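Let's take a walk through a protein model together. Keep the sequence and the 3D view open, and look up each part as we come to it.

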Amino acid sequence: MDKVFFTPHRTLFLMLAITGISFLISHDSAMGQLAGIGTLLLAGAKGRLVLLDFMELRHAPALWRWGFEGGLLAVTALLAVLYLAGGR
Amino acid sequence: MVGQATDRDRGGALGKNAPCHPAVRVPGVRDFWILIAAECSLFSFFFITYMIGRGGDVDLYRTSQQALSRDLGVFNTCVLIIGSWSVMQALGSLRREHARQASHYLAGVIGCGVIFAGVKVFEYADKISHGLFPTTNDFFTFYFVLTMVHMVHLVIATVVLAVMRRGVMAGHYHSGQMDVLESGAIYWHLVDLLWMFLFALLYLLQ
């Protein structure tokens, strides 16, 4: 997506919208573990927006940006695996 | 060379007048990112430890979680996000040499920090009044320790931005000298980033 799409206002509303969606799906007991995985993935998505748009890493050198994005992806994935391993 | 260009030359990525394709650059003081990476690593360790603990007794964690107010958690999440937006607006204003406007946005961020801390103190008081302490069980140990460590970071970020706001008002920062101010902003965003996961793990994850 074009870098210019992510203006401060759009990032703000996107973050608030994701927060609302996270809140709603966490209340949906019918979704079971899918709700938990969704909650973690949405937290990771918000974290990515913070890194790229709030911290301005979208315009940082690729290696710099990928290092932080990679770390975020790894932690989010590990938390999801631990959540599934925990069961229920 | 990135280090030789001024912020105006580089084009602040977030200002209203920012160019469509800002130059590639690392915001803030470069070495400051080592601290950011260290903080992210430390909290990642906390999050993973929490999930391992949760996996050992899911029922206890789920039951204990019911005592937390999700509404207040969502409210505080929105407060931090609005605070982060306000920081971005402050940087954008300063990049356009609008120091007065930047100081107003920074005042908004400081207000967000105070509101967040106030809500957390209310939450702590509420838990304690209901007989829920850090020693009650593993979940509340994690809840109190993680959120208190996070709040220490929030207080530091708020105080740093308050000091920087005084600098902005005194004319110490301008569009060509933004690295220190950007570093302060990045620290605030770190607080926001960490809360995204704390909120998901402690309040939402069922």
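How many residues does the contact take from chain A and from chain B? The contact takes 40 residues from chain A and 50 residues from chain B, where contact means heavy atoms within 4.5 Å.

## Before we start

This is a predicted model, in which local features need pLDDT of at least 70 and side-chain atom pairs count only at pLDDT 80 or more, while totals for chains, interfaces and linings use all residues. Residues are numbered from 1 along each chain as its sequence is written, chains are lettered from A and ligands numbered from 1 in the order in which they are written, and side-chain values use heavy atoms, with hydrogens and water left out.

## Where the two chains meet

Between chain A and chain B, about 4100 Å² is buried, and carbon and sulfur atoms give 76% of this area. Buried area is the accessible area (1.4 Å probe) that two parts lose on being put together, summed over both. On the chain A side, Met55(A), Glu56(A) and His59(A) lose the most area to chain B, together 17% of what that side buries.

Seven residue pairs are in polar contact between chain A and chain B, both residues being at pLDDT 80 or more. A polar contact is a pair of N or O atoms within 3.5 Å; within protein, one must be able to donate a hydrogen and the other to accept it, and residues adjacent in sequence count only if both atoms are side-chain atoms. Helices α1 (8–27), α2 and α3 of chain A each supply at least two residues of the side that touches chain B. The most comes from α2(A), with eleven residues. Helices here are DSSP runs (H or I, at least four residues), as are strands (E, at least two), numbered from the N terminus.

## Helix α3 of chain A

Now find residues 62–86 of chain A, which form helix α3. This helix has 25 residues and reaches 35 Å from its first C-alpha to its last, close to the 36 Å expected at 1.5 Å a residue. The expected span is 1.5 Å times one less than the number of residues. Among the buried residues of α3(A) are Phe68(A), Leu72(A), Leu79(A) and Tyr83(A); buried means under 20% relative accessible area, exposed over 50%, and partly exposed in between (1.4 Å probe, protein chains only). The buried residues of α3(A) pack against α2 (33–54) of chain A, together with α2 (32–56), α3 (58–65) and α7 (179–204) of chain B.

The UniProt record, an unreviewed entry, places the feature "transmembrane region" at residues 12–43 and 63–85 of chain A. UniProt positions are given in the numbering used here, feature names are shortened, and annotations may be inferred rather than shown by experiment. In the model, residues 63–85 of chain A are 100% helix and 0% strand, with end C-alpha atoms 32 Å apart. Residues 12–43 of chain A are 84% helix and 0% strand, and their end C-alpha atoms lie 15 Å apart.

Side chains of opposite charge can pair when their charged atoms come close. A salt bridge is a side-chain nitrogen of Lys or Arg within 4 Å of a carboxyl oxygen of Asp or Glu. Over all chains, the search finds eight salt bridges, and across the interface of chain A and chain B the rule finds one.

Arg25(B) and Glu182(B) meet at 2.8 Å, N to O. That pair links the loop between α1 (7–10) and α2 of chain B to helix α7 of chain B, 157 residues apart. Arg25(B) counts as buried because its relative accessibility is 4%; Glu182(B) is buried too, at 1%, and so is Arg95(B), at 8%.

## Helix α6 of chain B

Last, look at helix α6 (residues 138–169) of chain B. Its 32 residues should span 46 Å at 1.5 Å a residue, and its end C-alpha atoms are 46 Å apart, which agrees. At the start of α6(B), a side-chain oxygen of Asn137(B) reaches to within 3.0 Å of the backbone nitrogen of Phe139(B). Just after α6(B), Gly171(B) takes a positive phi of about 80 degrees.

Within helix α6 of chain B you will find Thr147(B). Is Thr147(B) buried or exposed? Thr147(B) counts as buried, because its relative accessibility is 1%. Leaving aside residues up to four places away in sequence, Thr147(B) touches Lys120(B), Tyr124(B), Phe142(B), Trp195(B) and Leu202(B).
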